[in-house]
Amino acid sequence: MTLEQYLRRFRNVSRRTLVRLKRIPGGICCNGVPARTVDPVSAGDCITLTEPAAEHTLPPLTTCTVPILQETASWILYDKPDGMPVHPSHGHRTDTLGNVFAAAHPELPFRPVYRLDRDTSGICLAAKSAYSAAFLQGRVEKTYLALVCGTLQKSGTISAPIGRADGSVIRRCVRQDGKSAVTHYRPLRQDGTYTLVELTLETGRTHQIRVHMASLGYPLAGDTLYGGSTAHFSRHMLHCCRVAFPDPESGERITAECPFQACEAYFAAAKI
């Protein structure tokens with residue numbers, strides 16, 4: 001097959017990326033020699049893609065650090081704290097995970113594979129190249145832990161479309177004209193006031209877990225936007241605790257876990 005067929009079919013390299021690399025001297029090489037995308041390739045050939053230097057980087061944040069769970073030349077896994085946005089936005093230009101990444105990798109643009117809400121803690125995956133980012137899209141399995149209000153007894157699945165709430169640019173709600181959304185949930189432990197729930201998603205809608213659990217009558221603890229109690233918590237209690245994905249280079253299945261420390265501290269204090 002041709003080099004383009006191999007890269008597109010087996011390595012998930014986008015057509016846009018190939019067009020960009022073809023414009024760079026030495027951007028695509030086969031066995032150390034510049035190659036055309038129409039050239040044939042064979043088993044054992046070594047294909048090298050060289051990304052151009054980043055044109056835009058974020059201002060570095062050096063006054064704080066974020067724990068790194070795992071890191072390779074292709075990707076990095078952070079244990080993001082609650083209260084920290086993933087990507088800069090209006091009002092948050094220099095205090096984000098992207099700024100932390102820029103301090104360690106000033107030569108690279110920040111490419112989060114997915115985003116967590118500012119007050120959601122846990123595992124956040126960022127790619128170190130356009131190729132890795134494209135390869136990982138849609139291939140990351142995420143598991144969340146949430147502390148919800150009330151006593152939830154049974155596991156189940158919520159399949160309810162989600163759309164923007166009328167009159168709000170932030171709030172979402174279940175509505176028939178929204179986008180399809182599916183959430184699986186399983187209660188793990190209770191204390192009579194809250195229930196710790198494990199959740200997996202088939203879709204990735206904005207505020208999906210928060211909206212779906214609130215629609216079920218079990219809003220997240222501390223979630224003022226969707227009716228959760230703030231008696232014990234000042235932020236919504238949601239945490240990305242586990243991820244699994246194929247490594248862009250080796251294909252090896254990577255797994256990582258991260259405890260929900262705020263929730264564990266609550267149950268420990270309650271001696272549950």
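Is Phe135 buried or exposed? With a relative accessibility of 6%, Phe135 counts as buried, where buried means under 20% relative accessible area, exposed over 50% and partly exposed in between, using a 1.4 Å probe and protein chains only. Before going further, bear in mind that this is a predicted model, in which local features need pLDDT of at least 70 and side-chain atom pairs count only at pLDDT 80 or more, while totals for chains, interfaces and linings use all residues. Residues are numbered from 1 along each chain as its sequence is written, and side-chain values use heavy atoms, leaving out hydrogens and water.

Let's stay with Phe135 for a moment. Its partner is Tyr131: the ring centres are 6.0 Å apart and the planes sit at 45°, so this pair is tilted. Rings of Phe, Tyr and Trp (its six-membered ring) pair if their centres lie within 6.5 Å, with planes under 30 degrees apart counted as stacked, over 60 as edge-to-face and the rest as tilted. Tyr131 and Phe135 are about one helical turn apart because they are four residues apart in helix 4 (residues 130–136); helices here are DSSP runs of H or I with at least four residues, strands are runs of E with at least two, and both are numbered from the N terminus. Tyr131 is buried too, at 11%.

The structure holds eight aromatic pairs. One of them joins Phe101 and Phe110, tilted at 45° with 5.4 Å between centres, and both of these residues are buried. Elsewhere, ring pairs link Tyr194, Phe233, Tyr266 and Phe267 into a cluster.

Three strands form an open sheet in the order 2-1-3, with antiparallel pairing; strands pair if DSSP finds at least two bridges between them. Strand 2 (33–34) and strand 3 (47–49) are the edges, each pairing on one side only. Strand 1 (residues 28–30) is joined to strand 3 by three bridges, and Cys30 stands opposite Ile47 in strand 3.

What about the cysteines? The count of disulfides, meaning cysteine sulfur atoms within 2.5 Å, comes to zero. For Cys124, the nearest cysteine sulfur is that of Cys240, 8.1 Å away. Cys124 is buried, at 1%.
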